[in-house]
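I opened this notebook to record what I looked up in one structure. The entries follow the order in which I took up each topic.

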Amino acid sequence: MKLVIASDLHGSASAVRALATRVEAETPDRIVLLGDLLYHGPRNDLPDGYAPKEVVPILNEWADRIVAVRGNCDAEVDQMVLAFPCMADYALMEIDDHELLLSHGHVPRFAPDEPPALAPGSALLTGHTHVKSLDRRNGVLFVNPGSTSIPKDGSASYAVYDHGAFALKSLDGVTLREAGW
């Protein structure tokens, strides 16, 4: 199974179009969105290309492949325009005999600094910080794809899971870091 994992799109049509190019190139089975899809939030400046109404149809084209969770900037009104569920605080996926817990990362007990109990060989996928990371603690992989639109670490990014390995990639597709189980 192959996943493209993205977070913190924040309504940037230019970033989502770049992500769409990566989705087309990566040909994933599923697309995982870790929250903050349409709104930029009161603590962020407007991202380049801010146009949530243009983001909606792009995301809706992938509706049958998306697994999404709610970010701190997502609201019920977003669910009214998006054709896939996006209001759960977390989701669980079982991929290649590994459990993946998906969360935006802002809810207590579902964040990297306060993680739930996870078995070794599991992964916690979060966004929220806009800083990409890929590390292992006590046999659990912690994956943050960074932000496609408002990166706070210098470069827009996403992640890919492909048959047992995660890769952090720049939004132009260059692999930055990899880790497997």
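**Salt bridges**

I began with Asp153, which counts as partly exposed at 31% relative accessibility. I call a residue buried under 20% relative accessible area, exposed over 50%, and partly exposed in between, with a 1.4 Å probe and protein chains only. The model is predicted, so local features need pLDDT of at least 70 and side-chain atom pairs count only at pLDDT 80 or more, while totals for chains, interfaces and linings use all residues. Residues are numbered from 1 along each chain as its sequence is written, and side-chain values use heavy atoms, leaving out hydrogens and water.

I then looked up the partner of Asp153. Asp153 forms a salt bridge with Lys132, with the closest N and O atoms 2.8 Å apart. I took a salt bridge to be a side-chain nitrogen of Lys or Arg within 4 Å of a carboxyl oxygen of Asp or Glu. Asp153 lies in the loop between β8 (140-144) and β9, and Lys132 in the loop between β6 (123-125) and β7 (133-137), so the pair ties together parts that are 21 residues apart in sequence. Helices (H or I, at least four residues) and strands (E, at least two) are DSSP runs, numbered from the N terminus. Lys132 counts as buried, at 15% relative accessibility.

My search of the whole structure found six salt bridges. One of them joins the side chains of Lys169 and Glu26, at 2.9 Å from N to O. Here Lys169 is in strand β10 and Glu26 in helix α1, distant parts of the chain that are 143 residues apart. Both Lys169 and Glu26 are buried. I also noted that salt bridges link Lys2, Glu26 and Lys169 in a network.

**Arg137**

I recorded a salt bridge between the side chains of Arg137 and Asp135, at 3.4 Å from N to O. Arg137 is partly exposed at 35% relative accessibility, and Asp135 is partly exposed at 28%. Arg137 also lies over the face of Phe142, 3.7 Å from the ring centre. For this I required NZ of Lys or CZ of Arg within 6 Å of the ring centre and within 35 degrees of the ring normal.

**Aromatic pairs**

I found four aromatic pairs. Tyr161 and Phe166 form a tilted one, 4.9 Å centre to centre with 55° between the planes. Rings of Phe, Tyr and Trp (its six-membered ring) pair if their centres lie within 6.5 Å; planes under 30 degrees apart count as stacked, over 60 as edge-to-face and the rest as tilted. Tyr161 is buried at 0% relative accessible area, and Phe166 is buried at 1%. Ring pairs link Tyr161, Phe166 and Trp181 into a cluster.

**Cysteines**

How many disulfides does the structure hold? I found zero, a disulfide being a pair of cysteine sulfur atoms within 2.5 Å. The sulfur of Cys86 is 13 Å from the closest cysteine sulfur, in Cys73, which is too far for a bond. Cys73 is buried at 11% relative accessibility, and Cys86 is buried at 1%.

**Positive phi**

Most residues other than glycine have a negative phi. I noted that Thr27 has a positive phi of about 45°. Thr27 is in the loop between α1 and β2 and is exposed at 57% relative accessibility. His163 also has a positive phi of about 45°. His163 lies in the loop between β9 (157-162) and β10 (165-170) and is exposed, with a relative accessible area of 59%.
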